[in-house]
Amino acid sequence: MGVTLNDSVAPKTTAYLRCSAGDCGTTLDLHERALACPKCGELLEAVIGPDHVDARELKRRWLERRLSYAPHNASGVWRFREFLPGDYPQHAIVTLAEGNVPLVPGRKAAEWAGVKRLWFKHLGWNPTGSFKDLGMTAGMTEAKFIGAKAVACASTGNTAASLAAYAARAGLTGRVYLPAGQASANKLAQALDFGAEIVQIEGSFDDALETLLGKSDPELYFLNSINPFRIEGQKTAMFELLEQLGWDPPDYLVVPGGNLGNSSAFGKAFRELKQYGLIDRIPRIVIVQAAGANPLARMWSSGAKQLLAVEKPETVATAIRIGNPRSWKKAVNAVTLSGGLVMDVTDEEIGDAKSMIGRDGIGCEPASATTLAGIRKLAATGQIDREATIAAVLTGHALKDTDYIIEAHGPKTRRKREPESATVAVQ
Ligand SMILES: *Cc1c(COP(=O)(O)O)cnc(C)c1O
Ligand SMILES: [Zn+2]
């Protein structure tokens with residue numbers, strides 16, 4: 001049959017929005033423009049139920065689409081469209097060929113952490129250098145589809161870069177709210193390059209998000225990860241990971257935790273894959289936060305039932321410098337369902353882990369290195385079996401925060417700059 005592609009979207013019996021609070025039961029039309037349940041205020045989630053799933057046939061079809069250059073097949077998000085909301089016509093999809101990123105074995109990193117089977121799923125190798133692109137292609141497609149003219153987000157930097165790029169692609173106005181002086185220059189530069197409007201907010205990311213959510217401009221479509229379409233797009237990273245592992249789930253899936261959208265998305269992915277018989281067990285989800293921005297880790301270790309926000313979040317890992325994560329309830333559900341755990345690591349541990357990942361020739365931004373730091377800690381305390389198969393999600397590219405790297409290697413860098421020939425000439 002060669003490259004004959006089945007482009008038909010599987011018939012969907014269900015595609016709607018539902019309140020994420022288990023006991024609420026409120027449902028909304030899929031394209032309703034809402035971010036919270038009108039009845040109880042909790043976050044919404046998309047319910048996508050493919051009509052009929054032949055697991056073997058579907059896995060084959062997903063792989064087959066990789067042979068096609070048609071934009072909706074070349075995207076590592078949209079090739080899994082049977083599990084995405086919205087029967088968009090092909091031309092309506094806003095894509096930059098995101099996804100399809102490799103799974104790379106961590107060798108030195110594994111040795112350093114004291115484990116044997118470690119893989120990095122590098123979502124930093126996406127068009128704008130972070131996993132945000134996976135959610136943004138879905139969110140921006142929906143924004144354009146319902147006729148939004150402008151899109152906005154609050155961001156520590158990566159969401160801004162991604163929104164700016166996809167807004168440009170879609171021909172929409174992009175506006176990003178950043179905590180003044182806190183986003184890395186590299187991320188700010190990307191948002192500028194893609195032509196977004198930048199609004200600097202005094203305070204933290206949490207303040208920026210609060211400011212944005214206070215705006216009730218009907219022209220403005222919100223693209224933070226509380227947007228259920230973002231979560232759907234990010235979910236596909238786990239479909240792709242499992243495909244790369246031959247649909248044999250790893251024992252652990254380790255992910256950095258900031259606003260906790262990604263952890264929520266991954267939990268939803270595993271739940272659906274298991275429900276539809278595409279996998280037979282769910283990996284334990286381990287969420288790793290930075291010690292200075294660790295509200296969920298605190299809640300987890302204290303056994304509390306409610307999240308207490310961290311007033312002044314502080315960490316070198318700016319992408320997860322978040323004190324009041326919005327998706328914490330969804331994330332708790334994901335961890336609980338999977339039999340996983342939540343933990344934190346110090347900035348020093350993040351720095352050490354980051355340089356070990358670099359020694360594997362991979363590189364990542366500081367927030368991503370929380371994963372390896374966490375794995376090392378769990379192995380050292382016997383909480384993780386050294387033989388276990390572990391997939392760690394690297395969320396951002398090394399070039400996202402070059403100031404951090406230069407500073408971390410400061411003295412060495414300066415020494416190297418001294419030209420050797422000059423030294424010889426003086427002697
Ligand atoms: C956004 C981001 C995170 C945090 O993800 P959440 O979904 O907010 O938990 C972690 N690392 C990087 C590089 C990010 O850009
Ligand atoms: Zn509700």
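This is a predicted model: local features need pLDDT of at least 70, side-chain atom pairs count only at pLDDT 80 or more; totals for chains, interfaces and linings use all residues.
Two strands count as paired if DSSP finds at least two bridges between them, and I would like to begin there, since bridges will come up throughout this talk.

Let me start with strand E6, which covers residues 150-154. On one side of it, E6 joins with strand E9, residues 220-222, through three bridges, and the two strands run parallel. If you look for valine 151 in the structure, you will find that its bridge partner in E9 is tyrosine 221.

E6 also pairs with strand E7, residues 173-179, again in the parallel sense, and here there are five bridges. Within this pairing, alanine 152 stands opposite arginine 175 of E7. To get from E6 to E7 the chain passes through helix H5, residues 158-170, and this β-α-β crossover is right-handed.

How covered is E6 itself? Five of its five residues are buried, which makes the strand mostly covered. In general, the side chains of a regular strand alternate between the two faces of the sheet.

Now let us step back to the protein chain as a whole, whose secondary structure comes to 16 helices and 13 strands. Its radius of gyration is 21 Å, close to the 22 Å that the globule rule gives for 427 residues, and therefore the chain is as compact as a globular protein of that length. Taken along the principal axes, the box filled by its C-alpha atoms is roughly 80 × 50 × 50 Å.

Of those 427 residues, 57% count as buried. The chain exposes about 17800 Å², and carbon and sulfur atoms supply 51% of that area. If we take the contacts between residues at least 6 apart in sequence, 71% of them join residues at least 24 apart.

Finally, a word on the cysteines: how many disulfides does a search of the whole structure find? The search finds zero. Cysteine 364 has a relative accessibility of 0%, so it counts as buried. Cysteine 40, on the other hand, has 39%, and so it counts as partly exposed.

Note on methods. Residues are numbered from 1 along each chain as its sequence is written. Chains are lettered from A and ligands numbered from 1 in the order in which they are written. Side-chain values use heavy atoms; hydrogens and water are left out. Buried means under 20% relative accessible area, exposed over 50%, partly exposed in between (1.4 Å probe, protein chains only). Helices (H or I, at least four residues) and strands (E, at least two) are DSSP runs, numbered from the N terminus. A crossover is right-handed if, with the strands pointing away from the viewer, the path from the first strand over the helix to the second runs clockwise. The radius of gyration is taken over C-alpha atoms; the globule rule is 2.2 Å times the number of residues to the power 0.38. Contact means heavy atoms within 4.5 Å. Accessible areas come from the Shrake-Rupley method with a 1.4 Å probe; for residues, only the protein chains shown count as cover. A disulfide is a pair of cysteine sulfur atoms within 2.5 Å.
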